[in-house]
Amino acid sequence: MKKIAILLTALGVGVGVMAAAQADPASDLKAFRAYFQKKFPTVKFDDYANGFYPLPGMEIYREQWDAFNEFPPYELGLADGRKIWAKPFPNGKTYASCFKNGGKKIAQNYPYWDDGKQEVRTAEMDLMDCAKKNGATDKFLSADLNKDTKSRVQLAELTAAFYELSKGERVKIDLSKPGAVAAYEDGKKRWWKRRGQLNFACANCHMDLAGKNFGGNQPLSAALGHPVGWPAQRLGWARLETIHQRYRTCNSQVRDKPGKHGDKAYNHIQLYETYLSSGLPLTAPAMRN
Amino acid sequence: MHTPRRTFLKGTVALSVAGLAGAAGLVRAPRVEAAEWPKAAYEAKTVDDALKALYGSSQVTASGAIKVKAPPVAENGGVVPVTVSADLPNVDSIAVLVEKNNQPLVTAITMSGADPYYSTFIKMAQTSDVHFVVKSGGKLYSAKATIKVTAGGCGG
Amino acid sequence: MARQTQIRAQMKDGAAEVRVRVTHPMETGQRVDRNTKKKIPAHYIQKMTFALNGKQVAVTDLGPAISKDPLVGVRLKGAKAGDKVTVTWNDNMGESGSAEAIIK
């Protein structure tokens, strides 16, 4: 632990220039973008949609990422996801029937605040509810997604097919309702809270240390652009995964409890992060780390 | 009591295996056929042995006409992109060998019309030299790249 | 996940760039199953054959040190847009697959 403390001090990890004390989401957004523009003056705004690969110092990783993107590994899982999306339910309806515009060009508004249900809704939730409502009995609808990797990956592949229909659309999150702002503030509080044995907050790795390589083989992404590549495929995992699974793994990496897939806490963190990526184009599914 | 029983069983089993093997044609004379997967080469424990098993020789000459594209540091040792092309005449085979892998031969291509080019993703056990051997006009030429594989830091 | 064989073939710099990706575990036979504590049997593609308009142009031998869900790329100078490329593969457990594409 002492070694880590020394390492952190050497890397200049503090609470972060942007103390969590802004007045409202819009001000947060302005300060957030300004922080990264100052930190990486040569990186264009849209580049942040591509994870840490466009950051200075990441050129070696960027070349490999370009090699993978010539024929991305996630194409296999995505093909399976498209099949699930297109296959009719027992009653003859399809996933497209549950969504506005047949599911096309709407993912940029996810996750969203459902004022009627008074909760944040993610694409995974809407997809699963759609299937259940129409009599589907796929395993991933009832499996324990914390333990059943096969089912969770099926859900990730379906969600990837859904996001693919909105590729290139720019993130736009509606926080006009008070409930939405409350959920956003809860997500923000969690994002800035230190946790785990390593005592890191999301902000420490993804703002202070963004662009650095932790431990020699864990390059750290900037928080700006975090969610737009998900569901994504990590090289080591060799499969598409959900953003909640990435959040869980992150928590394990700082030696904290991974938490539960689909938890309200993760929905709120996802809402917070996605709002702060407003204006960036969706790239999901993508190769990420 | 035990010994006679064991011998009896051993004898029976041995006979059966040989019988099966003979019937299935598993015990057979070596065939010179391109369609065979060169098991001995893939199980060889050194670069030299693998080349001898694959090409009949491990005599290679370094050549600048072989272009290699490989990352100096692999993002993940299980998925390392490598691309090799050779500006040499009459290339009929290219092999990729990772020196520090337990069994260095990773893959090889044999051309009968395709370009002297090969691209794939390989697994590396640790930091190692990777050799690209090209058979051109009956002779072996090579180039190498050193690829670093770091142990996962915070990597999940 | 069903075994898929995906193939992409397009003209680039005067030659056809052909890339094939197969859903395959490429198991080395060294990994131990966490639950059964037994070694997971080796299961990997051994041969992948490429043909241009029905004529074989390349054979690639693969081993267990090729990455999971392998991607293999070859180039064909004698090809042109509209030609057909076929790939077939077989593994050490008797499984096989194939795919074809018209060069773009």
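Predicted model: local features only at pLDDT ≥ 70, side-chain atom pairs only at ≥ 80, totals over all residues.
In chain A, helix H4 (residues 74–86) and helix H6 (residues 149–164) cross at roughly 80°. H4(A) and H6(A) are therefore roughly perpendicular to each other. Their axes come within 7 Å.

Which residues of H4(A) and H6(A) meet? From H4(A) come Gly77(A), Leu78(A), Asp80(A), Gly81(A), Arg82(A), Ile84(A) and Trp85(A). They meet Val153(A), Gln154(A), Glu157(A), Leu158(A), Ala160(A), Ala161(A), Phe162(A) and Glu164(A) in H6(A). Sorted by class, this contact has eight nonpolar, three polar and four charged residues.

A second pair of helices in chain A can be read in the same way. H7(A) and H10(A) pack at an angle of about 95°. H7(A) and H10(A) are therefore also roughly perpendicular to each other. Their axes are 7 Å apart. H7(A) brings Ala183(A), Tyr184(A), Asp186(A), Gly187(A), Lys188(A), Arg190(A) and Trp191(A) to the contact. H10(A) brings Ala265(A), His268(A), Ile269(A), Leu271(A), Tyr272(A) and Tyr275(A). By class, the contact of H7(A) with H10(A) has eight nonpolar, two polar and three charged residues.

Now step back to chain A as a whole. The domain assignment gives domain 1 (18–72 + 170–288) and domain 2 (74–164). The C-alpha centres of these two domains lie 22 Å apart. Their contact takes 30 residues from domain 1 of chain A and 26 residues from domain 2 of chain A. On the domain 1 side, helix H7 (178–192), strand E6 (239–241) and helix H10 (264–276) of chain A each give two or more residues. Which element has the largest share of that side? It is H10(A), with five residues. The residues on this side of domain 1 divide into 13 nonpolar, ten polar and seven charged.

How confident is the predictor in chain A, and what is the mean pLDDT? The mean is 92, and 92% of the residues of chain A reach 70 or more. Residues 9–19 of chain A need care: pLDDT stays under 50 there. For this stretch the model has 15 contacts beyond four places in sequence.

Next, turn to chains B and C. In their contact, 26 residues of chain C touch 25 residues of chain B. On the chain C side, strand E3 (45–52), strand E4 (55–62) and E5 each supply at least two residues. E4(C) gives the largest share, eight residues. The residues on the chain C side divide into 14 nonpolar, seven polar and five charged.

Strands pair across this contact too. Strand E6 (residues 105–111) of chain B and E4(C) run antiparallel, joined by five bridges. Here Thr107(B) stands opposite Leu62(C). Strand E7 (residues 117–122) of chain B also pairs with strand E5 (residues 71–76) of chain C, in the antiparallel sense over two bridges. Ser119(B) stands opposite Gly73(C) in E5(C).

The pairing of E7(B) with E5(C) belongs to an open sheet of six strands. Its order is E2(B)-E4(B)-E7(B)-E5(C)-E2(C)-E1(C), with antiparallel pairing. Which strands stand at the edges? They are strand E2 (66–69) of chain B and strand E1 (5–12) of chain C. Each has a single partner strand, so one side of each is left without a neighbour in the sheet. From one strand to the next, the twist averages 15°.

Key. Residues numbered from 1 in each chain as written. Chains lettered and ligands numbered in written order. Domains from an automatic or database assignment. Contact = placed C-beta atoms within 7 Å. Helix = DSSP H or I, 4+ residues; strand = E, 2+ residues; numbered from the N terminus. Nonpolar A, V, L, I, M, F, W, Y, C, P; charged D, E, K, R; others polar. pLDDT = per-residue confidence, 0-100. Pairing = 2+ DSSP bridges. Axes fitted to C-alpha atoms, helices over the stretch in contact; angles between N-to-C directions. Parallel < 35°, antiparallel > 145°, perpendicular 65-115°, else oblique.
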